[in-house]
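Hi,

Here is the structure I promised to pass on. Have a look at it first, and my notes follow below.

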2 protein chains.
Amino acid sequence: MNTINLAVDCMGSETSLSEILEGINESALRNENLFFTLFGKSGDLNKIVENISPLNSRSKIINCDEQVLMTDKPTDAIRLKKNSSMQLSIDHVVSGKSNAVLSCGNTGALMAISLLKLRTVASIKRPSIASIWPNIKGESIVLDLGANIKNDTNSLIDNAILGSALAKVLFSMTEPSVGLLNVGIEDMKGNENVQKASEILSEMSNKKQLNYYGFVEGADISNGITNVIVTDGFTGNIALKTAEGTASMVQSYFKKAFESSILSKLGYFFASLSLTSVRQRLDPRVHNCGIFMGLTAPVVKCHGKSDRLGISYATDIAYSLVHKEVNKKVENILINEI
Amino acid sequence: MNTINLAVDCMGSETSLSEILEGINESALRNENLFFTLFGKSGDLNKIVENISPLNSRSKIINCDEQVLMTDKPTDAIRLKKNSSMQLSIDHVVSGKSNAVLSCGNTGALMAISLLKLRTVASIKRPSIASIWPNIKGESIVLDLGANIKNDTNSLIDNAILGSALAKVLFSMTEPSVGLLNVGIEDMKGNENVQKASEILSEMSNKKQLNYYGFVEGADISNGITNVIVTDGFTGNIALKTAEGTASMVQSYFKKAFESSILSKLGYFFASLSLTSVRQRLDPRVHNCGIFMGLTAPVVKCHGKSDRLGISYATDIAYSLVHKEVNKKVENILINEI
């Protein structure tokens, strides 16, 4: 099996260094051909890495003293921090030494540097951030979750094309259905951008370039009505976080309800095995990494507050994007089918 | 006690006529000074109403043959359907014969007709749709949920002013906190409109015109971080429906988990009393009516698919908006405090 090399930006996150390293190590235990190049302060990194196995034998460290802060503007992160762990980890992919990048840092800066250095594929003008969401039937791909917060027609079309291609590869489907998020399902609903985008997607659907379902509403994300849900980065980001907050609120309500009597507590105990799988299914840490789509190589962004579990799942996703050659296959779909 | 008169638009909904009438009757049972004028086909209405008490003694019927369809454009509903149940029920409030309007019909048309005939109060340029959302601490007001799908700075400011005033009256608070929904909490996050709106709201906060908290994220809606959450109608509508869908998905997961063994089923049974209150708290029917804010009189819009329970809660809300003189008090706040 070929080795898969992941460049890890270890700076600028709210997560502690040991959580990041323990997280990627958990993924290393599951994926035996996975190797890492770690970008950060070598002294700090060394101290932790030397005690973690198999990470200590499957990683090398490149020292960086400069970090992109959460408060840095993307343009400043590009111009003023050329030796930051973020820029150097992306450079490592550009030079072919790593296959993908993982970062928990500043999303806007990571997107701007990725766009500048990795560039977009085929006709894609702006990359977008995709995520895999749970629904009652299984999973769907939702994008954009915050790469492009301006709501314009072209980005929506790009998102639809990228989401459809990603679903084909990740879900092994031939014709994944694509829904466009709107305030209602009737043709006349929504603003000018979604209206225009819907017309273009219908034409593309007629030409068999993708399988456009039409408008979908917020509740259709968890209903699993389509395999892909397309929206702008502002709405998508807010919808994702609203869903996470709601899922967590409902779970806490349920937990409290079962504390009402000894017998209900007992029932909760006897359902605990099934409940663990429910919690796992809904755990935002399993879903909260963002896949940067439309670039020449995979970039995976963990939430800035991810713990080791979140980091380990995000590392698994970065691994499988490389392993399944997702970027190359998506590019082929864009060139040959659109 | 003064009587409260509600004009009910009984046409153009996906709900059956008997569900609508049973729903308002349930509210009539709870509110003994509540009277109705029902707009719709008098033959159909009469047949049902005569068998429902106390509705049969607390309502009169005004015959309408014309209805606004869900597919009608707002401008067509205004120009071409002057004798529709929707227009006539709003006219009834304009002429002072009813105190408020309840409708399950076309939201866009209802908003356009309300705006034209009831007009906005004080400095408000565009009305917005508010809803009361459950959160882990209690409830908060979220707006706009779809009145104005164009994301512009002035509407966000209007929404903040209206939401704050509504919270003062409905929650009996002196300084409800107001959050502006964004893709992150850092000052630099978001598009130009939310950036500009945030600056203006900070200035208003300095002048004690309202209590502006700053940016909030999607998850903060259910965290209950602020009493009011402000956003544009496109994002708000999608966030609301995403939250409803997620809450329903999580509940169905939990239900399934407790079907895994006899003992867990038993535990579920023993927790059923507490679970009923959880379900009630999360029931979208309790929350899914929209309060049209910024008009001279209360207009309440039920979801087009509301059942009798949803209709009865919406009727309760219309009742208390009149009973608490919310519109007058909100107008006073806008005139004297802003």
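Let me start with one pair of residues: A:Phe292 has A:Val299 in β11(A) as its bridge partner. Strands here are DSSP runs of E with at least two residues, helices are runs of H or I with at least four, and both are numbered from the N terminus.

A word on conventions: this is a predicted model, where local features need pLDDT of at least 70, side-chain atom pairs count only at pLDDT 80 or more, and totals for chains, interfaces and linings use all residues. Residues are numbered from 1 along each chain as its sequence is written, while chains are lettered from A and ligands numbered from 1 in the order in which they are written.

Back to the sheet. β10 (residues 290-293) and β11 (residues 299-301) of chain A run antiparallel and are joined by three bridges; two strands pair if DSSP finds at least two bridges between them. They belong to an open sheet of 11 strands in chain A with mixed pairing, in the order β3-β2-β1-β4-β11-β10-β5-β6-β9-β7-β8. β3 (59-63) and β8 (211-216) of chain A are at the edges with a single partner strand each, so one side of each has no neighbour in the sheet. On average, neighbouring strands of this sheet are turned by 25 degrees against each other, direction ignored. Helix α9 (residues 233-257) of chain A packs on the sheet and touches β5 (128-135), β6 (138-143) and β7 (177-181) of chain A; its direction makes about 145 degrees with that of β6(A). (Axes are lines fitted to C-alpha atoms, for helices over the stretch in contact, and angles run from 0 to 180 degrees between N-to-C directions. Contact means C-beta atoms, placed from the backbone, within 7 Å.)

Now the two chains. Chain B superposes on chain A by a rotation of 180 degrees with 0.0 Å of shift along the axis, RMSD 0.0 Å (least squares on C-alpha atoms of residues with pLDDT of at least 70 in both copies). The two copies are thus related as by a two-fold rotation axis. In chain B, the C-alpha nearest the axis belongs to B:Gly267, 1.7 Å away from it.

Cheers

Notes. Two residues are in contact if their C-beta atoms, placed from the backbone, lie within 7 Å.
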